[in-house]
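Here's a short tour of a protein model sitting on DNA. Have a look at the coordinates, then read on.

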Amino acid sequence: MPELPEVEVTRRALAPHVEGRRVTGVVVRDARMRWPVPRELPQWLVGQRIDHLDRRGKYLLWQVEAGTLISHLGMSGSWRVHLAPPPAPGRHDHVEIHLDRCWLRLTDPRRFGALLWHPRADGDIAQHPLLAHLGVEPFDPRFDAALVYAATRGRTAPIKQVLLAGDIVVGVGNIYASESLFRAGINPKLPARRLGPMRCARLVEAVREVLAEAISVGGSTLRDFVGAEGAEGYFMREAAVYGREGAPCRACRTPIRRLLQGQRATYYCPRCQR
DNA sequence: AAGGTAACCTGACTGC
DNA sequence: TGCAGTCAGGTTACCT
């Protein structure tokens with residue numbers, strides 16, 4: 001489900017409800033996620049004040065006094081805020097966090113998501129094994145043409161898959177990889193090493209624009225994504241290529257093509273993207 | 001080191 | 001209506 005924009009939309013929706021608040025209760029109804037949710041989570045979290053809700057790539061980082069709660073939404077996860085006691089939990093409502101005056105619910109049908117704990121004593125959260133090898137943030141000024149150019153030298157894999165790998169820049173998932181490459185006019189099959197400085201610059205620009213636009217409209221709604229307050233995102237309404245196989249390119253009317261790269265669907269315009 | 005593939009899991013949809 | 005097959009936003013682990 002969630003790529004960086006959906007996670008950022010979630011973060012912004014949750015932050016005002018959680019920052020500065022104290023955890024009064026934690027219920028783990030089903031610990032079976034990508035990795036087991038620690039059984040000790042309630043004892044570690046209850047009584048803690050949430051200082052900041054941060055994001056790194058597609059991870060949400062809940063900074064509390066004793067450490068960091070790491071949450072990843074996987075393919076189908078979502079957090080919902082309830083300002084009144086929530087209705088009876090459904091089959092996929094795995095975790096609940098109670099604050100002073102609101103209830104947070106983690107729902108994740110496919111259970112590819114994760115909820116982990118990193119005690120402060122274990123050191124800098126950035127060095128956590130899940131975070132240590134992530135690429136730069138797309139809105140970080142360090143994400144520029146020179147970085148992309150340098151990082152793609154010697155990489156024979158198609159640019160789409162390199163973008164998706166997340167070791168150069170984080171947060172670009174399957175939808176936005178196709179969308180960014182369309183906007184940059186780059187063929188997804190192009191070996192990454194064949195990008196020149198100009199195309200690296202265009203790609204940087206395109207990734208930033210596409211992600212920023214998606215955030216501003218509340219993320220994508222594919223199947224069941226809804227933001228933390230229950231609103232749907234609108235990005236898919238304006239997708240240029242994703243999910244549009246056979247439909248006319250919005251720029252040149254050429255039919256959009258779909259192909260598989262590393263078992264994932266890629267959509268592109270064969271005329272606009274070379 | 002980089003690249004390819006299988007694996008984790010459920011639900012929605014398609015076609016017979 | 002039912003059943004089998006396909007596909008889905010992500011990421012790690014493992015093999016070459």
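## Ground rules

This is a predicted model, so to speak of local features we need pLDDT of at least 70, side-chain atom pairs count only at pLDDT 80 or more, and totals for chains, interfaces and linings use all residues. Residues are numbered from 1 along each chain as its sequence is written, chains are lettered from A and ligands numbered from 1 in the order in which they are written, and side-chain values use heavy atoms, with hydrogens and water left out.

## Two domains

Chain A splits into domain 1 (4-127) and domain 2 (145-268), with bounds that come from an automatic or database domain assignment. Between the C-alpha centres of the two domains there are 28 Å.

## Helix 6

Helices here are DSSP runs of H or I with at least four residues, strands are E runs of at least two, and both are numbered from the N terminus. Helix 6 covers residues 197-216, and its 20 residues should span 28 Å at 1.5 Å a residue; the expected span is 1.5 Å times one less than the number of residues. The end C-alpha atoms are 29 Å apart, which agrees.

Which residues of helix 6 are buried? They are Cys 200, Leu 203, Val 204, Ala 206, Val 207, Val 210, Leu 211, Ala 214 and Ile 215, where buried means under 20% relative accessible area, exposed over 50%, and partly exposed in between (1.4 Å probe, protein chains only). An α-helix has 3.6 residues a turn, so residues three or four places apart point the same way. The cover over the buried residues of helix 6 includes helix 1 (4-18), helix 3 (145-152), helix 4 (159-165) and helix 5 (174-184). Just after helix 6, Gly 218 takes a positive phi of about 90°.

## Around DNA strand B

Around DNA strand B you'll find Arg 91, His 92, Pro 109, Arg 110, Arg 111, Phe 112, Arg 155, Thr 156, Ala 157 and Gln 263; a residue is near a strand if one of its heavy atoms lies within 4 Å of it. Of the atoms of DNA strand B that come within 4 Å of the protein, 65% belong to sugar and phosphate. The residues of this surface divide into 3 nonpolar, 3 polar and 4 charged (Ala, Val, Leu, Ile, Met, Phe, Trp, Tyr, Cys and Pro count as nonpolar, Asp, Glu, Lys and Arg as charged, and the others, Gly among them, as polar).

What do the arginine side chains reach? A polar side-chain atom of Arg 91 lies 2.7 Å from a phosphate oxygen of DNA strand B, and one of Arg 111 lies 2.6 Å from a phosphate oxygen.

## Loop residues

His 128 lies in the loop between strand 8 (114-119) and helix 3. His 128 is buried, with a relative accessible area of 12%. Leaving aside neighbours within four places in sequence, His 128 is in contact (heavy atoms within 4.5 Å) with Ile 70 and His 118. Asp 124 also has its place in the loop between strand 8 and helix 3, and its side chain reaches the backbone nitrogen of Ala 126 at 3.1 Å.

Now for two positive phi values outside glycine. Arg 253, in the loop between helix 6 and strand 9 (257-261), has a phi of about 70° and counts as exposed at 58% relative accessibility. Gln 263 lies in the loop between strand 9 and strand 10 (264-268), with phi near 65°, and is exposed at 74%.

Definitions and conventions: Polar contact = N/O pair within 3.5 Å; in protein donor to acceptor, adjacent residues only side chain to side chain.
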